[in-house]
Amino acid sequence: MGKYSCLQVGLLLICLFPGADAQEPDGPATIYNQKHEAVLVDGGSPEKDKSRLVKDAEARTGWALLADPAATPGEGYMWYEYTYMQGPGRLRGNFRLKVDDNTNPAVVAMIRGNIGNSELKTFEDRYEKVSLKGTDFAKPNTYQEFSIEFLKGEQGFGDWGLEATGATKVWFDGITVEQLSRFSTRQLLPLIEQPVRPDGLKLATDKLRIHETYGLFMQHWGVDKAVGTLGGERTQSHLNVHPQSTRLDGFPTTWEALYRHQVIVLNNVPAKAVTIVGTTMLKQYVQDGGTVVIMGDTHGISHGGWARSVLGALLPVTPGAPVRAGEPIYLMPRQGKPTEFDWSQKPYTLYSHYAEVRPGARVLLAAGTAPLIVERRVGKGRIIVLLMSVLGEVDADMPGTPFWQWGDWPELIAKLLLSHNR
Amino acid sequence: MTKTTRFVRTRAIPTILCAALAILTLPAAAAGVPPWKAGHGTREVQDGAVLANDLVYVQGNGQPGPRYYPQAAVLRWESISEPGRYEVTLRARTGKHGASTLVLQAWVDSADGGMRYPTGYGVIPVPTAVLPMSGYMFETPGRWQTFSLAFDVESGKPTNVGLVYVGDKTCEAGTVEVEQSSVKLEKLDLPVSISWVRPVKLRYKHAESGTLEFRLTNATDQPQTVGLRPVVITDTDQTIPGPAQTFAVPASATVSGTVPFAVPAADGGYEAVGELTVDGKVIDRRGDVFAVADSPFRCMIQGSGVLRIPYFLSGSHHLGLEGFKKTVLGNWDQYVKDCTLAIESSRRAYLTYDEFFAWAREDATRLTEDTDEPYLSGQTFYVLSRRQILLVNGLMKAHGIAPVAYTNAIPFGWPGFEVARRRPEWMKKAMFNTAVMEKYFNGETVSGNVYPAIEMHFDTPSPVDGKTYLQFHTEQLVASVGQYGWEAYRYDAGPLSPEHFPITKRALAAIDPPVGIGNNLGINCLGTQPSDDWETYCRDDSLMMEENLAQAFHSPTNPHRRWLDFIVYLRHSSDLARSHGAQHTFINNGGNWYSTALGYVVGGHPWTFHKSPFGDCERFMIQYGSYFWDIRTQKLADPGGVVSVKSRRPLWWKPLVSERVLDETHRQVIVPLFNPPAEEEVVGVTTVGPAEGVKVMFQPRKDEQVTAWLVGPEPVSHRRQLATEPLRDRRLGVVVPRFWGWTNIVFDCREDQSGDSVPRTD
């Protein structure tokens, strides 16, 4: 381990950090958080068992779905749809319908909504169904809104449906979904099932185990090679990003599984995928001596929403937007001092995440005044954030080597992973 | 008694030739004709005067496939070795109408060089001549009908002939009976015959030169010198003769040759015929159909022949990369033979178009390869290689079949992330699962819904060189055309926006030869009404696909489940595309021959066809498709106002009527007639009987002179004039000959320059 104990930090880099010409990429939107979303029936809307697409001048797009008992008698679906744009909090869905007979006391339609793939532990929190009678409509043949409300957590998507009973003709021209309020972490956590941390649980020390999330471009970062040079064991989880569910398959979800690892490398994954419960556990894990490394490109420290996560307050930096340098940013040893690494290959990065170092954090690698690797001790453990990126088109004529192709890069990573033993 | 004669893939031989084709009435042995034998399932009835076979399907011989089993002969001859043209004749009857795969056919054993299709259900010989004798070919159940088949025996290719059953189920037409005394096999007195002929390509582009390839067989023991003249026949029976060339055919030999012909200037369907002459007199005439169009969409027939291309696309998935190397690249010579045969079977099914689904390493961003090393397609994990695609495309293009590349505007494959990594400004958001990604980059094949979707910013310049993603994507398309020779691209689930589509279309059109562009944008995407978006995507001969309609076949609650609803939707869908200048296609995988033929008559190109039991609709469309596919053919707004149909049983016709305006004084009103099945729902195709005694009445415009034509595929493609009867109110009527499934009446209307206001008919 002696080789790694002399890690040189605070390397002097040629500073070509965000210039006026730098452009901010619009990264993947993994959390939409729109306050309003309208799903209106139009000429291309799919018909269901009990509905037919009809023109209707009073409908918002000129099209409506009609359930006509004369054509399709009996109960059944006349519409359903999913929405993905809402954040955690209270939602309201406004269904716009009309009937031809508002004197009918029978149930003529049922509106319902729930959150699919929700992590909320109580079904009633995330589901509501309302039966509408003919007499609930103020006028015949006049559109009227009916609403349902329920809760959404961090996970899941809106699943909305409308059923006709066959009691009378029903027209439907769409819904609007509103975000009525947003949950804070403190408000949300009690609604979610959380594993109980066993008393006396400690980090394993029998063997070096590192867990790495398999984000996009993970293979470029070379963590697996670094772990290989250390003779450690590496486990991994896979990032699955989908509007209906963003998750990490294989991430340690129990306290015991988490504490078997000395280091958790969150490689290019959003906080949402780790979940609010997972990040809460990671917070405790760091307090108890674990190391969390956050790196990445399209889903990393900036776009991954880490500043808003449970770990946000503990991060060594306040992340800003990722940026591209006008020219490569070269990694060089401070003041030209020799180290065990071969700097003659001129390792460089083309993109990095802008960030402000927080008080108490330590810059391990910087480009002039711009930090690239920053560490913060939290409790018995630490959080390390890497702000460089493997993004960018490498020009063969460009002097130097992309840092991820630099021969000594895995060793530098290895030194980071082990530095808690310094 | 009726007589049904077939000379494979030819028109009826004109009367003028009959003298030259006088049948030798020599005893069979003297003419080198062997005796026939009855098959295992054939029995003698009526004191041996009649042969009977129940055509009961017996699954067996370890080949349980649903489509084919070893061919059981009702009766057959021992193989014939003496070169020349022969004719087999017999009288037969069936107990009732019904589907059956009974055929009178000639074939050559594989040991003698005959073509055979190795299917998963056994090896089946490919006939050199065939006459279908399904139950629908018999005009009246229980009545004797004469069938005859002419075929050629080439030198060194002993040929079998017989009445065989190739079905996979018991014949619906019941027992077939053959009158023993009628069974004859005779050699015709034709010194030299065209024993095989066809245009080299099924579809020619205007800039190409036509070539008719043929084989001539000398039936005599003396060398013969003959002339061979190519003649192109239009779909209105106009002939365009080419220059004759002279060929020497040694005694009892078969020789191959080619003659050039000029590709007609007009888009459309044609027949290329070889006329064989001796001393200036035509003694034989034979040919096959072809289409002319620069656009592969214009005469598009998409589907598959008997054989699929081996280890291609989904057929390679199970091999994995290593298995592919061993099975395909490591066995290349055999693979070339297998592909050649498979594409030959496509050609024989009259395919003109073959789109490769999800073939690329990445659908939008990686459409070329630097090496022949096998790769996994990014969306589907199919195993492919540049070498394989070049082989398949080359074989297809040699037949005039257009290889077409599936594409998407946004990446649906894992290598797309490498573009996003290099140029992150282009990436908007993505859906993905890195568990699948890991397997892809490890070279492991995965099944199911395993692809990512990467939404892109199309107009954001890259800081590297200022290039936009749209430019990059379009450059990929153009480069791939350079590598593989695609004749068109079709966008699928990831379309170009209305703003970007014309830009890419222009870039593809600027390639020499121009490359077409299609979409998967139907009513469900662009709406039911004409719009600027319809105009943008359609104009100038795009291809528009309608995918939703396929649900009618799969979902019992689909609103288009009933035939009548299906037809209305199909017609409207096609009308939206065609009225804006595009060709139309629709997913027809779950369909049947009715949905296929309905697709044709609305000017569409069903995405996979289903063969009609009553005639070869695909061959028909190659020859006569212009009546429907010509973009000047458009839906007639008010067919009921000018056309009426009288039929004992209601036919489908009204929503299908079209008008083709050829110029200001010449138009055609095309009235398709469909004899509906028993079922109301689209999954039903049960035939209830032939349509007989149908009358079609038409009211021409003032000053129009009208000729009525019967144009149809049953039992073989035909176009013939119908007598018209003047009716009251300036209408005229035609009587439609009996048909089983589909026929068409074309009222050809020309402005009468005589000034006579009374409608005249030919």
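In this predicted model, 29 residues of chain A are in contact with 28 residues of chain B, where contact requires that the C-beta atoms of two residues, placed from the backbone, lie within 7 Å. The largest share of the side of chain A that touches chain B is four residues, contributed by strand β12 (residues 233–241) of chain A. Strands (E, at least two residues) and helices (H or I, at least four residues) are DSSP runs, numbered from the N terminus. The side of chain A that touches chain B comprises 12 nonpolar, 10 polar and seven charged residues; Ala, Val, Leu, Ile, Met, Phe, Trp, Tyr, Cys and Pro count as nonpolar, Asp, Glu, Lys and Arg as charged, and the others, Gly among them, as polar.

Strand β12(A) also takes part in pairing across the two chains. It is joined by two bridges to strand β28 (residues 427–433) of chain B, and the two run antiparallel; strands pair if DSSP finds at least two bridges between them. Within β28(B), B:F432 stands opposite A:V241.

Chain B also holds an open sheet of three strands, in the order β15-β17-β21, with antiparallel pairing. Its edge strands, each pairing on one side only, are β15 (192–199) and β21 (254–261) of chain B. From one strand to the next the twist averages 25°, with axes being lines fitted to C-alpha atoms, for helices over the stretch in contact, and angles running from 0 to 180 degrees between N-to-C directions. Strand β17 (residues 210–218) of chain B is connected to β21(B) by eight bridges, and these strands run antiparallel. The bridge partner of B:T217 in β21(B) is B:T254.

Residues are numbered from 1 along each chain as its sequence is written, while chains are lettered from A and ligands numbered from 1 in the order in which they are written. As this is a predicted model, local features need pLDDT of at least 70 and side-chain atom pairs count only at pLDDT 80 or more, whereas totals for chains, interfaces and linings use all residues.
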